[in-house]
Amino acid sequence: MESLTVHRGLVAPLDRANVDTDAIIPKQFLKSIKRTGFGPNLFDEWRYLDHGEPGMDNSKRPLAPDFVLNQPRYKGASILVTRKNFGCGSSREHAPWALQDYGFRAIIAPSFADIFFNNCFKIGLLPIVLGESQVDRLFHEVAAFPGFELVVDLPAQTVASVDGATSFGFEIDAFRKYCLVNGLDEIGLTLRHADKIRAFEARRLAEQPWLDRVLTV
């Protein structure tokens, strides 16, 4: 998992509340269990004018010109600002996968659905909870200043405009912060103890050699 410490990125505004996971990545794209390849179909039903299916050449599909991610000023955005209860609906892990594969590193909202919120941390995507008035301020600044960027400083737990004129603090669980800063997912956390695991396996095999015959049958 890629570590996250300080990230500066262009902000895209998604001014919708209660965005569910089927809107983030529609159900027909859930056949794959790889974590990559979902970015082109992020918000598929909003981004395109036709119905999307796996295997389609997205470069030839008609785009919805009014959808935020299709607007040139937000091309390359890596921070998404949105409204309350983002990621509600079914618990599909593909939703944060699609957001990350598109290029987002952080999502800012007044609230998130619990399962979506937890799934983000597992892949290194940072969900940031700010107050509604603070989110309103960010929407205003994104609209007022083309190319508006934010600096997310995870160690300091702050979100700030590049000039520092706007700055907000945010809360995050200490363990989750540690994992993000150090780029540790659940497998990475386990592998920190690889020497102890190997020593345990060797000791167990020496004490119970018959296990080797059972495991290799």
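**Salt bridges, sheet and helix packing**

At a relative accessible area of 9%, E141 counts as buried (buried is under 20%, exposed over 50% and partly exposed in between, with a 1.4 Å probe and protein chains only). Its salt-bridge partner is R137, and the closest N and O atoms of the two are 2.7 Å apart (a salt bridge takes a side-chain nitrogen of Lys or Arg within 4 Å of a carboxyl oxygen of Asp or Glu). R137 is partly exposed, at 37%. Both residues belong to helix α5, four residues apart, or about one turn of the helix (helices are DSSP runs of H or I with at least four residues, strands are runs of E with at least two, and both are numbered from the N terminus).

A word on the source: the model is predicted, and local features need pLDDT of at least 70, side-chain atom pairs count only at pLDDT 80 or more, and totals for chains, interfaces and linings use all residues. Residues are numbered from 1 along each chain as its sequence is written, while side-chain values use heavy atoms, with hydrogens and water left out.

In total, the structure has nine salt bridges. One of them brings together the side chains of D50 and R61, at 3.0 Å from N to O. This pair links distant parts of the chain, eleven residues apart, with D50 and R61 both in the loop between α2 (44-47) and β2 (79-82). D50 is partly exposed at 27% relative accessible area, whereas R61 is buried at 6%. Another bridge runs from R83 to D136, with the closest N and O atoms 2.5 Å apart. Here the distant parts are the loop between β2 and α3, which holds R83, and helix α5 (residues 132-144), which holds D136; the two residues are 53 apart. D136 is partly exposed, with 40% relative accessibility.

Next comes the sheet. Seven strands make up an open sheet with mixed pairing, in the order β4-β3-β2-β1-β5-β6-β7 (strands pair if DSSP finds at least two bridges between them). At the edges sit β4 and β7 (167-169), each pairing on one side only. From one strand to the next, the twist averages 25°.

The axes of α3 and α4 come within 9 Å and cross at roughly 50°, so the two helices are oblique to each other (under 35 degrees is roughly parallel, over 145 roughly antiparallel, 65 to 115 roughly perpendicular, and the rest oblique). On the α3 side, the contact uses A95, P96, W97, L99 and Q100; on the α4 side, F116, N119, C120 and I123. Just after α4, G124 adopts a positive phi of about 90°.

How values were computed
Axes fitted to C-alpha atoms, helices over the stretch in contact; angles between N-to-C directions. Contact = heavy atoms within 4.5 Å.
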